[in-house]
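Subject: Structure for you to look at

Hello,

Here is the structure I said I would pass on. Please open it next to this email and go through the notes in order.

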Amino acid sequence: MNRTKCTEMVQKFGNHIKDDLVQQLRDNPFSLIIDESTDISTTKCLTVLVKYFDPNEGKIKTRLLDLLNVYEGQSANVGSSGESLFNMIMHTLNSQQIPINNFVGLEADGASNIMGEFNSLTSRLRQHIPSIRIFKCICHSIHLCASEAARMLPRQCKDLIRNIFTNFSHSAKRKYEFMQFQTLFSLKPHKLLHV
């Protein structure tokens, strides 16, 4: 396919998948998982994932609901303040006609604009949806703990790990020998990851 046709097909499939997801959210309770991120082009985005139970398949699913540009749109929805994030999320749900009553939980990192006691996203959500459950993301918490713990390690430990990776990353032969070693000892093949 040429680029135009391929782009059109991807958009059509994406719209169809999103329509199915929105219908599920209209009919079932769900939680949102959000995180802000800045991409390589310095565009700050709010990723909005949704977690819900799919009764048709009998399992819990996590899907992308929206990817919002934090500094685009109406002035009330611009920026990463608690009020702006709240307006963006409410606009997303309202524009898709997803009932707010189905919104039962939120998970996010511990940033003050999101989890602060006053004037944050969660404080506004609690005003509008008193029964909502708010959770700090365990992955973010574990990452912060691991980062702090790594600062306490002697420099030689970090250097050893970096040197091991560097030794294998620049040599196809060493990677092959490493794979043979794992096979010889009936180990599941592992790929060496960068620090």
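This is a predicted model: local features need pLDDT of at least 70, side-chain atom pairs count only at pLDDT 80 or more; totals for chains, interfaces and linings use all residues.

Residues are numbered from 1 along each chain as its sequence is written, and side-chain values use heavy atoms, with hydrogens and water left out.

Start with D54, which lies in strand β2 (residues 44–54). Helices (H or I, at least four residues) and strands (E, at least two) are DSSP runs, numbered from the N terminus. D54 has a relative accessible area of 4% and is therefore buried; buried means under 20%, exposed over 50%, and partly exposed in between (1.4 Å probe, protein chains only). Leaving aside neighbours within four places in sequence, D54 is in contact (heavy atoms within 4.5 Å) with Q24, K59 and K61. The side chains of D54 and Q24 are joined by a polar contact of 3.3 Å. A polar contact is a pair of N or O atoms within 3.5 Å; within protein, one must be able to donate a hydrogen and the other to accept it, and residues adjacent in sequence count only if both atoms are side-chain atoms.

Next, helix α4 (residues 121–128) has L121, T122, S123, R124 and L125 as its buried residues. Their cover includes β1 (30–38), α2 (82–95) and β4 (103–108), among others.

Helix α7 (residues 172–184) contains Q182, which is buried, with a relative accessible area of 4%. The side chain of Q182 reaches the backbone nitrogen of H190 at 2.6 Å. Beyond neighbours within four places in sequence, the contacts of Q182 are L187, K188, P189 and H190.

By contrast, I17 in helix α1 (residues 3–27) is exposed, with a relative accessible area of 57%.

Last, the rings: how many aromatic pairs does the structure hold? There are three. Rings of Phe, Tyr and Trp (its six-membered ring) pair if their centres lie within 6.5 Å; planes under 30 degrees apart count as stacked, over 60 as edge-to-face and the rest as tilted. F168 and F178 have ring centres 5.2 Å apart and planes at 50 degrees, so this pair is tilted. Because F168 lies in helix α6 (residues 155–169) and F178 in helix α7, the pair ties together parts that are ten residues apart in sequence.

Regards
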